[in-house]
Amino acid sequence: MSKQNKRSFTERKAINDSLLIRESWKVFQIMVEFVEGFERLATIRPSVSIFGSARMASEHPYYRLTEEIARALSDAGFSVVSGGGPGLMEAANKGAFTGVSPSVGLNISLPREPGANEYQDIAVNFRHFFSRKVMFVKYASAYVVLPGGFGTLDELAEILTLVQTGKSRRIPIILVQSSFWAGLIDWFKEYLVEEGMIDRRDLDLFKILDKPQEVVDAIFSFYESRSFEPSAEERERLLNL
């Protein structure tokens, strides 16, 4: 190896070592996010995680619908958890904030998004999507999914996958606004089921509803013969998310 090549190799190794050290220390930052999340959220049960578009203005019907659902859930005794941002996340926190149960925001800093909304009794901040996603699932007694974009679809796919594979406990998964979700559900049936990519029974993992009281009633109906608290076996699953 020539002196020039040796020097180049040494320089690359120094850069790689520097990156490795930085990434290794990143583990501690991730650990802090998990520890804080576990400690801050362990007392919010029962809770419902609500998802929806960050881009809906307060005058939009979806905003008012989300606010009404969150208020109804809060008054029914559920902590309400959202992504803590604007749009329907803000509507969820705002509705819960005016109710009797805690309004929780799992906030994340994004380059092109405004900061956290002001309607949070409990605010937890994240840099990493994956640790934040664990917190949405770990303490949720139900998922309520309103119209939204890629982020909302990501969270929906996440909980459906976790429940379908048995990695998480079965909880109510409620899609709100049937006219919005109809095309996606038709695609599930026509392509995913027909081509054997999911089982037809997987369509029973979720409900599609339209009114706030229907959402509350569906959650209580699900838990009519069981506790909101996870069983010992379910706690073990959640420990290994």
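Colleague: What volume does the second largest pocket have?

Modeller: The second largest pocket has a volume of about 260 Å³. This is a predicted model, in which local features need pLDDT of at least 70 and side-chain atom pairs count only at pLDDT 80 or more, while totals for chains, interfaces and linings use all residues. Residues are numbered from 1 along each chain as its sequence is written, and side-chain values use heavy atoms, with hydrogens and water left out.

Colleague: What is a pocket here?

Modeller: On a 1 Å grid over the protein atoms alone, a pocket is an open set of points where a 1.4 Å probe fits, with protein on both sides within 12 Å along at least five of seven lines; lining residues have an atom within 4 Å of a point. Grid points are joined across faces, edges and corners, and a volume is the space filled by probe spheres set on the points.

Colleague: Which residues lie nearest the centre of the second largest pocket?

Modeller: Of its 15 lining residues, Ala 157, Leu 160, Phe 188, Leu 192 and Ile 198 lie nearest the centre. H5 contributes the most to this lining, with six residues. Helices (H or I, at least four residues) and strands (E, at least two) are DSSP runs, numbered from the N terminus. By class, the lining has twelve nonpolar, two polar and one charged residues. Ala, Val, Leu, Ile, Met, Phe, Trp, Tyr, Cys and Pro count as nonpolar, Asp, Glu, Lys and Arg as charged, and the others, Gly among them, as polar.

Colleague: And the largest pocket, how many residues line it?

Modeller: The largest pocket is lined by 34 residues and has a volume of about 800 Å³. Here too H5 gives the largest share of the lining, five residues. The classes are 14 nonpolar, twelve polar and eight charged.

Colleague: Changing topic, how many aromatic pairs are there?

Modeller: The whole structure holds 14 aromatic pairs. Rings of Phe, Tyr and Trp (its six-membered ring) pair if their centres lie within 6.5 Å; planes under 30 degrees apart count as stacked, over 60 as edge-to-face and the rest as tilted. Tyr 62 and Phe 180 form an edge-to-face pair, with 6.4 Å centre to centre and 85 degrees between the planes.

Colleague: Where do Tyr 62 and Phe 180 lie?

Modeller: Tyr 62 is in helix H2 (residues 61–75) and Phe 180 in helix H6, so the pair ties together parts that are 118 residues apart in sequence. Tyr 62 is buried at 18% relative accessible area, and Phe 180 is partly exposed at 34%. Buried means under 20% relative accessible area, exposed over 50% and partly exposed in between (1.4 Å probe, protein chains only).

Colleague: Which residues do ring pairs link into a cluster?

Modeller: That cluster consists of Phe 78, Phe 220, Phe 222, Tyr 223 and Phe 228. Within it, Phe 78 is buried at 1% relative accessibility, whereas Phe 220 is partly exposed at 36%.

Colleague: How many salt bridges does the count come to?

Modeller: The count comes to eight. A salt bridge is a side-chain nitrogen of Lys or Arg within 4 Å of a carboxyl oxygen of Asp or Glu. One of them joins Glu 194 and Arg 200 at 3.0 Å, N to O. Glu 194 is exposed at 54% relative accessibility, and Arg 200 is partly exposed at 48%.

Colleague: Which residues are linked in a network of salt bridges?

Modeller: Lys 133, Asp 154 and Glu 158 form such a network.
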